[in-house]
Amino acid sequence: MAFQALIVFTLACLCVPCDGNRKFIKIDTPSNDVQKGKSKLVFQEQWITQKLDHFNGADSRVWNQKFLVTETHYRAGGPVFLMIGGEGPINAGWMAMNPGSAWLTYAKKLGALCLMVEHRFYGDSRPTVDLSTENLRFLSSQQALADLAHFRTVIAKQRGLTNSKWVAFGGSYPGALAAWSRLKYPHLIHAAVASSAPLHATVNFSEYLEVVWQALAAENPECPLLVKKAFDTLQERVKDPNNYDNITKDFNLCSKLQIQSEKDRAYILDALADNIMNTVQYNNDNREFEHVLDTNCTIKTVCGVMSDASLGDPYYRFAAFVRLRTITHLLKPCFKDLTYNANLQDLRNTSYSGPHGGGGRQWTYQTCTEFGYFQTTDSPNQPFGGFGLQYHVEQCQDNFNISAKTLYAGIDQTNENYGSYNIRATRIVFPNGSIDPWHALGITSSISDDLPAIFIKGTAHCANMYPARAEDLPQLTLAREHVFQLLQKWLKEK
């Protein structure tokens, strides 16, 4: 998806499917409606034993990984579809056919067995007793890919599927895992659908907010200019403690604004900007089947409020949008803000049941060791300010004692290991949306016939993964069909 944790990001989509905050995707747990059977779920929950460290033969420790399986559409001799979980618990709603997400629609047409695997350290798949920094050294994309390889080997043997063609699916970070599973284990994974996949790791992801600007401007050229004026005013006002009471009232904060350090200032600016960033990332995505709130808050909503002169100058319009999103769309009585140190203490909690034990601490660790992905205000071509690179980098030091040097080395290693934009493999398709800020780190132009890109104008994060609906843009409908045609073709290849 990404957690207000560090407010480090929102990315996922698979997400297992795609959902979560701006920093990535988080996969929600099944909603009450799904559990009560309002959506038709036909699947089994199962477990598989995995090694704690796949790269150390002398370490015999093991743990149990959760996965879901449905044979509803399976026909003998058909392929196996493997949906990869990401930075949160797997969502059983993605196994429901009413409505059916894209991968299940493909499965029905192609007679596929469907498996969904939870990522180590997220959800119920807990390799260690807690989330201490010492234990989190076993949390990495390389270990997760090795989990998938072992899973594929064991399940194929148990179910007589060794000769079946396995196709990996994922969105956002799991989309990258899908591509990398095909890259690293081509003898096990026949093809991959890597939706909204950020294949390039970078510490300073300033392009994210550049795409936000472009997305707002596509709706109304004045919109990002008004947002910038509003945020410039906000930045000035948070410098003066005499303004704190008014800011608290203007944005309907749950408690009086407290700024005792530069990090506190950056934290609240990032948190408030996230209201627009999140809205852009998931603009018009069909997330309603996941029972996600805020789905009717769109770029059109942002620009409509920002253009309403009756609300006052741009600062007051931005405040009005934050209040509108908080109360009307997120159904919260007030906007919850914390100080940097308060949030830091929550992130340092090493319990799975802690404030960020559902995924925030874990994903923050992965960004500090493998990916970066820090959405900074360092570019002049974006509407916000006040949360630059240093603010993000220092969080790695504060949370995990990871230095900037170690951080940069980890990001370089990731790109060296997987190839970044220059991935070299076959039978991987890369769907991306033009409005999705994460497309800046993905493949948007075809590398070859066997590494095609599908760039979908006007769509956001993981849009192609969600169930189809009548109001879908024609190009989104065509993108889903294009993926299906590729799957048909590739499944015929040896």
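Start with a group of rings: Tyr173, Trp180, Phe205, Tyr208, Trp363, Phe371, Tyr373, Tyr418 and Trp438 together make up one aromatic cluster. Bear in mind that this is a predicted model, where local features need pLDDT of at least 70 and side-chain atom pairs count only at pLDDT 80 or more, while totals for chains, interfaces and linings use all residues. Residues are numbered from 1 along each chain as its sequence is written, and side-chain values use heavy atoms, with hydrogens and water left out.

Across the structure there are 25 aromatic pairs. Rings of Phe, Tyr and Trp (its six-membered ring) pair if their centres lie within 6.5 Å; planes under 30 degrees apart are stacked, over 60 edge-to-face, and the rest tilted. Take phenylalanine 289 and tyrosine 466: their ring centres are 6.2 Å apart and their planes at 75 degrees, so this pair is edge-to-face. Phenylalanine 289 is in the loop between α9 (262-281) and α10 (299-306), and tyrosine 466 in the loop between β12 (453-456) and α16 (474-491), so the pair ties together parts 177 residues apart in sequence. (Helices, H or I of at least four residues, and strands, E of at least two, are DSSP runs numbered from the N terminus.) Both phenylalanine 289 and tyrosine 466 are buried, meaning under 20% relative accessible area, with exposed over 50% and partly exposed in between (1.4 Å probe, protein chains only).

Now look at tyrosine 315 and tyrosine 316, with ring centres 4.9 Å apart and planes at 80 degrees, so they are edge-to-face too. Tyrosine 315 is buried at 0% relative accessible area, whereas tyrosine 316 is partly exposed at 34%.
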